[in-house]
Amino acid sequence: MTDDDLDLDLDLGPETPPVTPRARPTTREAPKSGVPSAKVMAERKPGVLSRVGSSVSGQLSHISRPNWSFRNFLIVLAVLVSLVVLAENWAAVRISFLGLRLELPKALAFLLNIILGGALTWFWLRRGVAAREE
Amino acid sequence: MADPGGAWHRLLSLLQAISQRGLWATVPFALLVNSSITVLTLTIEPDGSAHRQISVVAAPYFRDQVPGWTRDVRADADWDMAWAVNREDDFVYNRDARIAALPESGEAAALTISDVAQNPFSLYTTYRWHEVVGYSYLYDSDPAAAEATNKSLIYEITMPGTVTNATVTPATGSSTKTEGPKVVFELAASQGQQTIEVEASRLRWGYLLVLAYLAAYVIYCSACTLRHWLRIQPRKI
């Protein structure tokens, strides 16, 4: 093979553009100072489920394993006993007022009584504080 | 024109029924005879309260009489709500009442509850309901008429747990059908007085849950103490 043949092969070769390394498309531009950004976004935008999942897992990661101390034991026991009392007293009671009748579980009536009493006391105390401030 | 003799007989019959202290539920015979279906229901709640209801299906001809007869049904409760459905072929009338607490003792009726306070070492709470049901007849011939026409009262009792035993005495002409917490008696109106006994049991899940939690905590504390004790033990070098 002569030197001319080699030149011919080079001339007839397929003209392909030079391969240059391309950076992945980023949504955020690199800072102007010239320092490349450490954060690189994913090629595909994360879906709603994955975003919700990541936020939930982020929140859950803050929760530490509860310590089963005597105080925590008593709190859980009180909650458990309260739930059992509510479930055991789920029989309906009938409340009559001026010809109107309302039927609701006894446990729910008991809870409503507590909430109503608490709300009334709170309003009463708030009223007293407001009067003193004036 | 109203029949004064019939009204007098009815009044006498009611007075007789009221004076019968041994009866808890009394159903006027006139109601049974003139209705196609009479269903008395009793739903007993775990806390000893109850819901009582009577449903009567009668011909539209008796639309005016059925409310009065139903009002005369005695079941240790003042009837509260009433509602009726007028259909083309029949007339359906209902009344109900809430009973705050069923009697715990008595010959006529008694609900015996064996709960944690009474029997702390059992897994089940047992309920035993005893009741005497009767009819206020208008005439002496009414029992024979009831037998001839095969008239009966359907009595549905729903217990707070699974029914384990249900009996009716005397059982002549009557039947008992049990399904889970519900028992349906078909009481022959010719028998006069009948005594019903129903027993049911219910798992004490709440009590067991609390016990299981206490046991788990005791085991946890014991394990922690044991581990600590093993850690502070001197070891051979």
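The model is predicted, so local features need pLDDT of at least 70, side-chain atom pairs count only at pLDDT 80 or more, and totals for chains, interfaces and linings use all residues. Residues are numbered from 1 along each chain as its sequence is written, chains are lettered from A in the order in which they are written, and side-chain values use heavy atoms, with hydrogens and water left out.

Chain B holds 5 helices and 12 strands; these are DSSP runs numbered from the N terminus, helices being H or I of at least four residues and strands E of at least two. Of its 237 residues, 42% count as buried, where buried means under 20% relative accessible area, exposed over 50% and partly exposed in between (1.4 Å probe, protein chains only). Among contacts in chain B with a separation of 6 or more, 67% join residues 24 or more positions apart, a contact being heavy atoms within 4.5 Å.

In soluble globular proteins, nonpolar side chains tend to be buried together. A nonpolar core here is a set of buried Ala, Val, Leu, Ile, Met, Phe, Trp, Tyr and Cys residues joined through side-chain atoms within 4.5 Å. The largest core has 49 residues, and those with the most contacts inside it include Trp129(B), Tyr155(B) and Phe185(B). Beyond its neighbours within four places in sequence, Phe185(B) touches residues including Leu153(B), Ile157(B), Val168(B) and Ile196(B). A second, separate core of 7 residues includes Phe73(A), Leu77(A), Leu80(A) and Tyr213(B).

Charged pairs come next. Over all chains there are 12 salt bridges, each a side-chain nitrogen of Lys or Arg within 4 Å of a carboxyl oxygen of Asp or Glu. Lys106(A) and Asp47(B) form one of them, at 2.4 Å from N to O. This pair crosses between chains, from helix α4 (residues 106-133) of chain A to the loop between β2 (35-44) and β3 (50-58) of chain B. Lys106(A) counts as partly exposed because its relative accessibility is 31%; Asp47(B), at 27%, also counts as partly exposed.

Within chain B, Glu131(B) and Arg52(B) meet in a salt bridge at 3.4 Å, N to O. The two lie 79 residues apart, Glu131(B) in strand β7 (residues 124-136) and Arg52(B) in strand β3. Both Glu131(B) and Arg52(B) are buried.

Glu88(A) sits in helix α3 (residues 70-88) of chain A. Leaving aside neighbours within four places in sequence, Glu88(A) is in contact with Pro46(B), Arg202(B) and Trp205(B).
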